[in-house]
Amino acid sequence: MTKNIYISLLKAVAKICIAGVFIGLLHHLDGLVALILAAKVVHSMYSLGFKDGQKYWLVPIGMILTGVLGISAENWGIENEYWQYHDVTTKMPLWLPFAWMLAFSYVYKLEKELFRELKKPSLITKATITFLLALIFPAFGEVITINLGVWTYSWPYQFLGVPLYALICLVIFHMFVNIFIYFIAHKAQLKDPVFNP
């Protein structure tokens, strides 16, 4: 691995730690966290999709799709009592859709940096990287927020509060979104540095 790949991975770890601690410490201020994350969503859509005259429409499409599907999954999990959020007056936190949307932009940005450093990696290499990113980083963020009291899983087989079932669901979720966006990119011939360079 090159030095730039190590730097990208270290920056990604730092970002997920900052985000996890931010949400963990301020989750009881639901509205404030929602406003800050909403502002970050707008910034991410602009900086990854439309900055400097580029128009990568797959970034906002992926973020919105992830937000909608993420909230659907959250509703399913809460209704079935697979997990429960703490310190909220609503069924789920107001910041939750924005956190899901940012999960897409977070993985997308890291994929973009890694793919660029690998100089035209094969589709298998890209899929492997996406799989590993979807397995490691969302779970790492969950460990931080769970242990700061944001929510609790009722599923068994937990490690640091994150159950095996959640890891499997997170990987399937993120891989499904990426595969779906990949097919949109190629079907509609939309140029994108991650999905259709």
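Predicted model: local features only at pLDDT ≥ 70, side-chain atom pairs only at ≥ 80, totals over all residues.
Residues are numbered from 1 along each chain as its sequence is written, and side-chain values use heavy atoms, with hydrogens and water left out.

**Entry 1**

I looked up T145, which sits in helix α5; helices (H or I, at least four residues) and strands (E, at least two) are DSSP runs numbered from the N terminus. Its relative accessible area is 5%, so T145 is buried. Taking contact to mean heavy atoms within 4.5 Å, and not counting residues up to four places away in sequence, I found that T145 touches G20, I23, G24, V150 and W151. T130 is also in helix α5, and with a relative accessible area of 8% T130 is buried. Leaving aside neighbours within four places in sequence, T130 is in contact with E111, F115, M175 and N178.

The buried residues in α1 are I5, S8, A12, I16, G20, I23 and G24, and what covers them includes α2 (30-50), α4 (96-117) and α5 (123-147).

For α3 I made the same check: its 22 residues should span 32 Å, and the end C-alpha atoms are 31 Å apart, which agrees. In α3 I list L58, V59, P60, G62, M63, T66, G67, G70, E74, G77 and I78 as buried, and these residues pack against α2, β1, α4 and α6. Just after α3, I noted that E81 takes a positive phi of about 60 degrees.

**Entry 1: aromatic rings**

I turned to the aromatic residues with this rule: rings of Phe, Tyr and Trp (its six-membered ring) pair if their centres lie within 6.5 Å, and planes under 30 degrees apart count as stacked, over 60 as edge-to-face and the rest as tilted. The structure holds 19 aromatic pairs. In one of them, W76 and W83, the ring centres are 6.3 Å apart and the planes stand at 70 degrees, so the pair is edge-to-face. W76 counts as partly exposed, at 42% relative accessibility, whereas W83, at 11%, counts as buried.

The pair of Y85 and W151 is tilted, with 5.4 Å from centre to centre and 45 degrees between the planes. Because Y85 lies in strand β1 (residues 83-85) and W151 in strand β2 (residues 151-153), this pair ties together parts that are 66 residues apart in sequence. Both Y85 and W151 are buried. I also found one aromatic cluster formed by W76, Y82, W83, Y85, W95, W151, Y153, W155, Y157 and Y165.

**Entry 2: pockets**

Rolling a probe the size of a water molecule over the atoms shows where empty space is left. On a 1 Å grid over the protein atoms alone, a pocket is an open set of points where a 1.4 Å probe fits, with protein on both sides within 12 Å along at least five of seven lines, and lining residues have an atom within 4 Å of a point. Grid points are joined across faces, edges and corners, and a volume is the space filled by probe spheres set on the points.

The largest pocket has a volume of about 1200 Å³. Its lining has 47 residues, of which I16, A99, L102, A103 and Y106 lie nearest the centre. Two or more lining residues come from each of α1, α2, α3 (58-79), β1, α4, α5, β2 and α6 (164-187), and α4 gives the largest share, eleven residues.

The second largest pocket holds about 220 Å³ of space. It is lined by 13 residues, of which L123, A127, N178, I179 and Y182 lie nearest its centre, and α6 gives the most, with five residues. I followed up A127, which is found in helix α5 and is partly exposed, with a relative accessible area of 36%. The C-alpha atoms of A127 and I179 are separated by 8.9 Å, although the two are 52 residues apart along the chain.

Note on methods
Buried < 20%, exposed > 50% of the residue type's maximum accessible area, 1.4 Å probe, protein only. Expected span 1.5 Å × (residues − 1).
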